[in-house]
Amino acid sequence: MSGRSRAAVVLTALAAIGAVLVPSAHATARAPKAPDTAVLDGARLQRTKADLDRGDPRLRRAVKDLTSRADAWLGQGPWTVVDKPKPAPGGDVHEYLSQAPYWWPTTTPTAGNPWGCPYVQRDGQRNPEVDTGTDRQDVEKVFDSAYDLSLAWYYTGKRQYAEKAGRVLRTWFLDPATRMNPNLDHAQFIPCKYDGRAIGVIDFSQSYTSVVDALAILATGAPGWSAADRAGMRGWNTDFRDWLENSAFGQEEGAAANNHGTFYDMQLAALAYATGDKALARKAVLDARAGRIDPQIAGDGSQPQELARTRSWHYSTFDLVAYTRLAAIGRHVGVNLWTYRGPDGQSLSKAVDYLLPAATGAAAWPYPELEFHRYAASDVVHAAADAGDRAAQRAVRRLEAPPGGDLWALRPAAEQLDSIAG
């Protein structure tokens, strides 16, 4: 063998050794941390990311749906409470304001009477001021965009998603000129009648846990999300948690016997977990057994208070969104809410199973429903299936995907998939 040939063999061997000793750039990329999420299972997100990186085709399709949503947010916002046409009662532009939807002015607004008071109720007729004159629509965009963008960053690593999520969160919660005060003193107000109402707490409780989990995801190393941002949001959430627990509105909402009370417990538990008070989080989950499941779910799995509504399907799934998220928080604090059985056999699994005939299309929903969407139950059925409910596991393949695709594999925590005005 010539000297040149021997040299080539040596170089080839060294290259092979180097390939073994020095992994590829893809392999040396930092593996994502498991976020310390309150509702989502952070370790599961980490495993899902690893499966995605290995090329799982089902996850790749789901990521396309997720990034389509995230891409749509890139050109929107950020939003702020300070830009509404009229401030909340008292004049502080930093106060969150939402309005009862079916109350209308009786006079033309003037400088001395800017709302056109007095207001009267027109049941079922939605006042457009609710959507254009308050913070209600914008805050939902904050919640949804922060969640979609943070998840899109976690799964793709694309910094534009994280940076946009950071701008949205800083603008709404942290920047002194634009931040929201950490209370809901003026939620669901009725001009000239009530400056705010306890039922307005649900403006946040139905989906603010999306922000709580988005913060945990960004805290795993998102570009542009600083230690000061993390500390600022922890402080905001601590103040908001204290308001929920101690204010008159918070306590009244916590005493509600329907879905309002379930969502209150879930939100308080999530905030307690996220701000380091795991004892309070655990107590909220434990108390939900006798305090919520026993009186709200019947032995056959029906939810009588929700079935009495004109949108009985929506509210039956809606209440279970809160329950399944609360059960997810329980997993982090050592409480398995899925295994609880009430004195009449009540359980979360029975409540989900009660919905399965309609959720799978096997039977019509037999109660009043003004706007039936079969897919509204899809997430809660997924949650029950993951918890070991065999009937739910069999039903999963027959579920209807919600608009925008089924994202359960990427964010396995129930969302309210159908909308409601009001």
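How many residues does helix H4 have, and how far does helix H4 reach from its first C-alpha to its last? Helix H4 covers residues 57-74, which makes 18 residues, and spans 26 Å between those two atoms. That is close to the 26 Å expected at 1.5 Å a residue, where the expected span is 1.5 Å times one less than the number of residues.

## Ground rules

This is a predicted model, where local features need pLDDT of at least 70 and side-chain atom pairs count only at pLDDT 80 or more, while totals for chains, interfaces and linings use all residues. Residues are numbered from 1 along each chain as its sequence is written, and side-chain values use heavy atoms, with hydrogens and water left out.

Helices are DSSP runs of H or I with at least four residues, numbered from the N terminus.

## Helix H4

Leu59, Ala62, Val63, Leu66, Thr67, Ala70 and Trp73 are buried in H4 (under 20% relative accessible area, with exposed meaning over 50%, using a 1.4 Å probe and protein chains only). Down the H4 axis, these buried residues fall within an arc of 140 degrees, so they line one face of the helix; the arc is taken from the directions from the helix axis to the C-beta atoms.

They pack against helix H3 (42-53), helix H6 (136-156) and helix H7 (159-174). Over on the other side of H4, Pro57, Arg61 and Lys64 are exposed.

## Ser347

Ser347 sits in the loop between helix H15 (312-332) and helix H16 (348-353). Ser347 counts as buried because its relative accessibility is 1%.

Technical notes:
Contact means heavy atoms within 4.5 Å.
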